[in-house]
Amino acid sequence: MKIFIDGKLYGERDAKISVFDHGLLYGDGVFEGIRAYHGRVFKLKEHIERLFYSAKAILLEIPMTAEQVSAAVLETCRANKIRDGYIRLVVTRGVGTLGLNPKSCGRPSVIIIVGKIQLYPQELYEHGMAIATVPTARNLHSAVNPAIKSLNYLNNILAKIEANNAGVEEAVMLNAEGFVAECTGDNLFIVKKGQLLTPPLSAGALYGITRQTVIELALESGVKVSETNLTRYDLFTADECFLTGTGAEIMPVIKIDARVIGAGKPGPLTRRLVEDYHAFTKTTGEPI
Ligand code: PXG
């Protein structure tokens, strides 16, 4: 496996960064998770744009242009002969002193790792997943804004641990007001009377690229989509529920906090969107 670090490709054993990088010491940095399907990088432009927005929000200057980062992603895919896979793009604050002030950091580091990802067993995609709401709330907009895809995922990791402790694979995170925000690494949708509903970004959802793709696919097929605040009650009484994310893709949900959702199996609109999504990944993306 070849890993891109600051303009050069390294073998797996030589791909190393300093223990003084503030990405490690403080989680100071940003990242993207991207997928390649059928020899194309899916939604590359959108991921690069979000990376630069995340960086801007934390006053991190990426030492490459968006075009250079895109070219580096494609180059790393080619070097690894990847046609289908997962691309982790990371920008750290760089090497600094012990002390959190980023002023001590020299140059941010750009790292690109290409590999495979399977977050959940195939069986869950066929039969659906059980999820649960957890005590850890989604970040406040007035703290680390939840739209920033930062290297500090501890809030979501705690929620994931709480879900695991509750015997399920994924957590529903509520915001400070008690409205549904999203899951730890995916956005959440419900179907109610034929309509698709998902929390607005203002509820603390990440501006998910899979979320946006699913919204567009639904609208194209004539399904009404509404971005609206949802409560746990709305989840419990939904006809269908599913999660979206680059890693998870589209995951049907069949149980939330022990309440069976709809008929207790992946619903018809969910199934159709899964099909449409996979068909769409075949026809779009930046050629490797
Ligand atoms: N919310 C959060 C908090 C995320 O981290 C999403 C929603 C979905 O966004 P996209 O743009 O991917 O549709 C994410 C993305 C992993 C992993 O390693 C996590 C994500 C993506 C890829 C891999 O668990 N999260």
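Hi everyone, let me start with valine 172, which is buried, with a relative accessible area of 0%. By buried I mean under 20% relative accessible area, with exposed being over 50% and partly exposed in between (1.4 Å probe, protein chains only). Please keep in mind that this is a predicted model, where local features need pLDDT of at least 70, side-chain atom pairs count only at pLDDT 80 or more, and totals for chains, interfaces and linings use all residues. Residues are numbered from 1 along each chain as its sequence is written, and side-chain values use heavy atoms, leaving out hydrogens and water.

Valine 172 belongs to strand β8. Helices (H or I, at least four residues) and strands (E, at least two) are DSSP runs, numbered from the N terminus. Lysine 160 is twelve residues from valine 172 along the chain, and their C-alpha atoms are 9.1 Å apart.

Moving on, asparagine 175 sits in the loop between β8 (170-174) and β9 (180-183). Asparagine 175 is buried too, at a relative accessible area of 11%. Where does the side chain of asparagine 175 reach? To the backbone oxygen of alanine 203, at 3.0 Å. That is a polar contact: a pair of N or O atoms within 3.5 Å, where within protein one must be able to donate a hydrogen and the other to accept it, and residues adjacent in sequence count only if both atoms are side-chain atoms.

Now to the ligand. It is surrounded by 22 residues, and the closest are Tyr153, Glu182, Ile209, Thr210 and Thr246; to be near, a residue needs a heavy atom within 4 Å. Oxygen atoms of the ligand lie 2.5 Å from an N or O atom in the side chain of threonine 246, 3.1 Å from a polar side-chain atom of lysine 149, and 3.2 Å from a side-chain N or O atom of arginine 88. Taken alone, the ligand exposes 550 Å², and the protein buries 90% of that. The elements giving two or more residues to the shell around the ligand are β5 (85-92), α6 and β13 (240-245).

So what about α6 itself? Helix α6 (residues 209-220) has twelve residues and reaches 17 Å from its first C-alpha to its last, close to the 16 Å expected at 1.5 Å a residue; that expected span is 1.5 Å times one less than the number of residues. Its buried residues include Ile209 and Thr210. After α6 comes glycine 222, with a positive phi near 85°.

Notes
Accessible areas come from the Shrake-Rupley method with a 1.4 Å probe; for residues, only the protein chains shown count as cover.
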